[in-house]
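Thanks for coming. I have one structure to go through today, so please look at the screen.

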Amino acid sequence: MSWLPTVIKACYFIAALLFILGLKRMSSPRTARGGIVWAGYGMLLAVLATFFLPDMHNRGLIVAAVLIGVSAAWWTGRRVAMTAMPQMVALYNGMGGGAAAAIGAVELIGYARGLGMLHAVPDTSPLRPEAWAVNALPPALSPVELTLGVLGALIGAVSFSGSLVAFAKLQGWMDKRFVFAGQRAVNMLLLAAAVVTGFMLVLGQASLPLILVFFALALLFGLMMTLPIGGADMPVVISLYNAFTGLAVSFEGFVLGNEAMIIAGMVVGAAGTLLTQLMAKAMNRSIGNVLFGSFGAAGGEAQAITGAQKPIDGADAAVMMAYAERVVIVPGYGLAVAQAQHKVWEFAQLLIKRGVKVKFAIHPVAGRMPGHMNVLLAEAGVPYDLIADMDDINPEFATTDVALVIGANDVVNPLAKTDPASPIYGMPILDVSNAKQVIVIKRGRGTGFAGIENALFYADNTRMLYGDGQAAVGELVTALKDVDG
């Protein structure tokens, strides 16, 4: 069937178009859901087409693996709460990097055996390339293919181990930051050692011990690069590792001669890189700092915060907003934890019926990942034209009568502009403190995810409404209905 390869390549081309069009549709909240479906159809088409490759082996094992993976993804996707979505994304992204690294490992083992450097491996060993269907690989890797294979393995391994640390931090299984003296130098040495080892593999020194050392160094570097990262910078890390995974998949696709992997990996890598740049800008961090810096670290003595937090009850807060002309609602991760998005929209609708002009302000890194708050508000049915990003809403805070902050902390902290010693100094924030009055709904008096005290909570124009987000907003709804009644 001489026409079969042409049909497979045509399927890959259609899949690539669906990937790109799906990504384009994801740029707008109105079309994002459809974009995800389009991209999903593209991936399904690419997977089905791959099964018809003439040199495909072990189709039964591949089908079994696909069924297991799909079942696990479906089950976890249906059960995971929206608050846990960031760590789920980090985990799945790590699996993609790990898959690329596994492909690289198989390539390198097959290459080493071709050089006669795995002669000590028994024929019955599962490390034999034939046992891993390596005969589906090109019979001989060119220097370019070998280089890209090593790069893909390195990047994929770093993404895998780093994403697992990100998952553990977001899940609360690990301390937010782990820093020691000379950490940056140690990280650079690990990276240099991994690169040198990879260079030796490219030069034809491939042996099983060297391959194991290479992957151990790459995995360790991913761990060490992520351990010092603070919670406030985690959105940058997620998008960075997303770009890493895309690059790794693209490189390995080039080695395998698989157009679908090349294009899908390039699309993910490009989108992840752009998102990383946008997130770094929103956090006021350079890409170099993202890669090698100690996230959230700052020197000097922090500014002392004077004053006291001033509480307010729900009835008084509701009256204050009922007679306001402009109200801006600022959601944060606390809103997600309390699952208060529906109550917040109910409260906003009551204000709008009274003639109050209501808007929602979203910081680029609000929550635990980019777009987290947008998804929550969309789930509650908030119209897109009421949701404003940071650059658009900041000039309006000066004319805002009441800013209602629900569970947000670091992204509204004025210390980011006033305290050079603060770990978040220089990070663009929502200028909530410029509003005439500020009401903050907060569970308690603790610090935010970055572990930093918030000067906004002690400001003269700020009042604190303590309690669970959903219960506190429910109190506001009841009090506002009483005002209307």
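Predicted model: local features only at pLDDT ≥ 70, side-chain atom pairs only at ≥ 80, totals over all residues.

Residues are numbered from 1 along each chain as its sequence is written, and side-chain values use heavy atoms, with hydrogens and water left out.

Confidence comes as pLDDT, the predictor's own value for each residue, from 0 to 100. The protein has a mean pLDDT of 84, and 87% of its residues reach 70 or more. Strand S1 (residues 326–331) has the highest confidence, at a mean of 96, and helix H10 (residues 287–292) the lowest, at 63. Over residues 119–139 the pLDDT is below 50, and this stretch has 29 contacts in the model beyond near neighbours in sequence; a contact is heavy atoms within 4.5 Å. Helices (H or I, at least four residues) and strands (E, at least two) are DSSP runs, numbered from the N terminus.

Now the cores. A nonpolar core is a set of buried Ala, Val, Leu, Ile, Met, Phe, Trp, Tyr and Cys residues joined through side-chain atoms within 4.5 Å, where buried is under 20% relative accessible area, exposed over 50% and partly exposed in between, with a 1.4 Å probe and protein chains only. The largest one has 45 residues, and Leu 108, Val 158, Leu 201, Phe 214 and Phe 215 have the most contacts inside it. Helices H4, H5, H6, H7 and H8 each supply at least two of its residues. H5 gives the largest share, twelve residues. Another core, of 43 residues, lies apart from this one and includes Ile 329 and Val 477.

Next, the strands. Which strands does S5 join by bridges? S4 (residues 402–406) runs parallel to S5, with five bridges between them, and S5 and S6 are also parallel, joined by five bridges. Two strands pair if DSSP finds at least two bridges between them. Leu 404 stands opposite Ile 439 in S5, and Val 440 has Met 464 in S6 as its bridge partner. Five of the six residues of S5 are buried, so S5 is largely enclosed by the rest of the structure.

Last, Asn 461, in the loop between S5 (437–442) and S6 (462–466). Why does Asn 461 count as buried? Because its relative accessibility is 16%. The Asn 461 side chain reaches the backbone oxygen of Ala 435 at 2.8 Å and that of Ser 433 at 3.2 Å.

How values were computed: Polar contact = N/O pair within 3.5 Å; in protein donor to acceptor, adjacent residues only side chain to side chain.
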